[in-house]
Amino acid sequence: MEGEAKPERYSPAFLSIEATKSNQEDGDCKGGGASISLDAILPDDLLEKVLSLLPIVSIIRSSSVCKRWREAVRSGRCSTSPQKPWYFMCTGSDHRAAGYAYDPSLRKWYCFDFPCAERSNWSSSSSRGLVCLMDRESQSKIFICNPVAKDRKHLPDAPGGESPDYSALAVAVDRWSHGYMVAVAKCKQVPQDFYQWDFSIHIYESETETWVTTLREVIAGWRAGDECVICNGILYFLIYSTGVRGNDEPKHCLVIYDLLVRSSPASIMRMAVPVPFSLTCGRLMNLQDRLVMVGGIGKHGRPGIIKGIGIWELHQKEWREIARMPHKFFQGFGEFDDVFTSSGADDLIYIQSFGSPALLIFDVSLKMWKWSVKSPLTKRFPLQVFTGFCFEPRLEITP
């Protein structure tokens, strides 16, 4: 972990910042005296173009310069240039979803509040600037928001009943139309039968603003969990064995469901792909329309104990290893839990232990591992839990 830096305050109300009194009177950014401000002769479209080339934090700060600049930022036409994904970190003990966001480009932490979550106990999924949050208690209450612009929308409750045994959430935003699709996979044990599980998939589309249940099936010997992702119109989710298996037999499997076709196969299990190793846990992510999995590799003969972390990419139905975490970084976490959190976007993967605020970053394009600047969060008691997820900071996407 690199040196500690004081976090900067990210104002959650930056879009409502009042301009100075003189700017309110003038309505622009003109200079005093007889001088002529360049801003006074700069057309609106050119101003928006110039602002869009700045880092997103600079765009946010520019909204407080004057009334005209604030309106340019609020217009939604100030499309940001591609930004590296940020990582939001908070503690599981917090009663509200407040924490810190890490900007890997400027290598800074910002104080950050989410606009729609009253507490930190939410499942999350993100895509192209939008973050989808599902309440872990009901597993039906869902919000979607732009955490940078502070826009949010409360979706109708997901069907399939409240409080299933397991549920997974995924969101995908269309690159061109900015319409989005939310998928929720729910799994509930068949009463008095641990071997069979009732599994269902529910889809929400922003164009229709309605939920549709596209699949319902009873699966035997396997159950769904809390991990899924949408990639190229395909829903991928991990399932877990509930039967007796050998020590070194994989207890995870990847299931593939086409969201565009939505035809029900004879069994969803016919589209299952085994994982490459016996994993302690697996995390799925969409990196530039490629399905990538980060997994904890279990020890030989003792698969429940983690010995390292690997990263794989799915090609057709074959896993190809991208990288293994070097042992020095694995040891850098201290005591690493068998289950951890990991998420990614663009070409960055973030890995975090639930028991530590340390944050490790893997750059897929450069094949390089590095620690973030030290997190402002600190461990206050032995069983304190830390969690987080990444998202792409954008201003122009609205839910």
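Predicted model: local features only at pLDDT ≥ 70, side-chain atom pairs only at ≥ 80, totals over all residues.

Trainee: Which residues touch the most other members in the largest nonpolar core?

Mentor: Trp86, Phe114 and Phe391 do, in a core of 26 residues.

Trainee: And which element gives the largest share?

Mentor: Helix 4, with 4 residues. Among the other elements giving two or more are helix 3 (44-52), strand 3 (86-91) and strand 27 (386-391).

Trainee: What does phenylalanine 391 touch?

Mentor: Leaving out residues up to four places away in sequence, its contacts are Pro85, Trp86, Phe88, Phe112, Phe114, Ser126, Val131, Pro147 and Val148.

Trainee: Back to helix 3. Which residues are buried there?

Mentor: Leu47, Glu48, Leu51 and Ser52 are buried. They sit on the same side of helix 3, because they cover an arc of only 135° around the axis.

Trainee: New topic. Where is threonine 242 found?

Mentor: In the loop between strand 15 (234-241) and strand 16 (252-258).

Trainee: Is threonine 242 buried or exposed?

Mentor: Threonine 242 is buried, because its relative accessibility is 15% and the cut-off is under 20%. Its contacts beyond four places in sequence include Phe194, Trp197 and Arg223.

Trainee: And serine 105?

Mentor: Serine 105 is in the loop between strand 4 (98-103) and strand 5. Its relative accessible area is 47%, so serine 105 counts as partly exposed.

Key: Residues numbered from 1 in each chain as written. Heavy atoms only, no water. Core = buried A, V, L, I, M, F, W, Y, C linked by side-chain atoms within 4.5 Å. Buried < 20%, exposed > 50% of the residue type's maximum accessible area, 1.4 Å probe, protein only. Contact = heavy atoms within 4.5 Å. Arc of directions from axis to C-beta.
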